[in-house]
Amino acid sequence: MAMDPDAVARAFVEHYYATFDTNRAALATLYQDGSMLTFEGDKILGTTHITNKLTSLPFQQCQHTIATVDCQPSGPQGGMLVFVSGSIRTSPNPEEHPLRFSQVGDLDPTPPASLSLSLARARAARA
Amino acid sequence: MDGQGNAGATGGGGSDCDAVARAFVEYYYHTFDANRAALAALYGATSMLSFEGQRVAGAVEIGRKLTQLPFEQCRHAVSTVDCQPSPSFPGSILVFVSGNLQLAGEEHQLRFSQMFQLVPNEQGSFFVQNDIFRLNYG
C-alpha cells in the first residue's frame, strides 16, 4: 500500500470518532464478525454485540477530542495497530470535566479496502 | 519473560490471555523499575517502540532508548490491564495497560497508557513485537 500509514491511521481515527459522536449506530460498518471490543473491562464479540454496547452507552451525546495518535504495523498481513489518547465530553453534563480516555485498535485491511477493527479501551480516567 | 515458563504458550483465546497479560505486565514494570537494561531481552530484531511519539526499531535501539530515558529511578503502579487475542500472529496477544508513574524527586505522579503486542517465541514464551507508550495529560 503506497499510502502513508500515519495518514491512514489519522484518517481512520478521525472517521471513527466523528461517527461515534454523530451517528453511533454507523460504527457497525467499522467492525466485523471476528472483532472484539473490551470496553471498561467488558469483553464483547462480533459486530452486533459491539454495536449494541456502543449504542446503549448511558449518554445521549458525546464529543471526543483527540490528543495523540500513534500507529505501527501489526504483522505480516498488513494490519495496523493504532493507539489513541484524548478526552470525551458527554451530555447531560457537558460542563463537568471531560473524561480522559485511551483506546487501541487493530486495523485489518480486509477487502474491499474497508477497515475493520478490534479494540481494547482503557478505563476512562476521571479528572 | 524469565522463569515464567509457561502455559502462556497456548495463548490466544478470550480469557486465556488474561493470565499471560498479567504475568507479562508484572514482570515488565518490575524490570523497568529495578533493572531497566534487562528490558532489551524482551524485544527482538523486528520489534518496534513508539515512546511519546518517538519511533525506535529493533531490540538494540529499543534497549538503548529505554536506558537513556532522562531519569534515574521510577516506579510504575498499574491500574488496569486489558488483553485480547491478536489476529496478527498465531497465539499473539494485545495488552493494554494504564497506570501511574512516579519519578524519583518529582512531586506529582504522571499518568500513562501503554500497549504491547506479545508474540510467541520458540522457547514457549513471548517477546514484545509492538510497544506504544504515552503519558496522559489534562
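A salt bridge is a side-chain nitrogen of Lys or Arg within 4 Å of a carboxyl oxygen of Asp or Glu. With that rule in hand, I looked across the interface of chain B and chain A and got 3 salt bridges. I noted one of them: the side chains of B:Asp18 and A:Lys43 meet at 3.2 Å, N to O.

**Ground rules.** I'm working on a predicted model, where local features need pLDDT of at least 70 and side-chain atom pairs count only at pLDDT 80 or more, while totals for chains, interfaces and linings use all residues. Residues are numbered from 1 along each chain as its sequence is written, chains are lettered from A and ligands numbered from 1 in the order written, and side-chain values use heavy atoms, with hydrogens and water left out.

**The interface.** I looked up contacts next (heavy atoms within 4.5 Å). 32 residues of chain B touch 30 residues of chain A. The buried area, meaning accessible area (1.4 Å probe) that two parts lose on being put together, summed over both, is about 2500 Å² here, with 52% from carbon and sulfur atoms. On the chain B side, B:Gln84, B:Phe96 and B:Arg134 lose the most area to chain A, together 24% of what that side buries.

**Chain A by itself.** I found 2 helices and 6 strands in chain A, taking helices (H or I, at least four residues) and strands (E, at least two) as DSSP runs numbered from the N terminus. Along the sequence they follow the pattern α-β-β-α-β-β-β-β. Of contacts in chain A between residues at least 6 apart in sequence, 49% join residues at least 24 apart. Buried residues make up 46% of the 127 residues in chain A.

**One residue up close.** Is B:Met48 buried or exposed? I checked the cut-offs: buried is under 20% relative accessible area, exposed over 50%, partly exposed in between (1.4 Å probe, protein chains only). B:Met48 has 18% relative accessibility, so B:Met48 counts as buried. I located B:Met48 in strand S1 of chain B. Which residues does B:Met48 contact, leaving aside neighbours within four places in sequence? From chain A I listed A:Gln72 and A:Pro73; from chain B, B:Val56, B:Ile62, B:Gln129, B:Asn130 and B:Asp131. I also jotted down B:Ile132: B:Met48 and B:Ile132 are 84 residues apart in sequence, but 8.3 Å apart in space, C-alpha to C-alpha.
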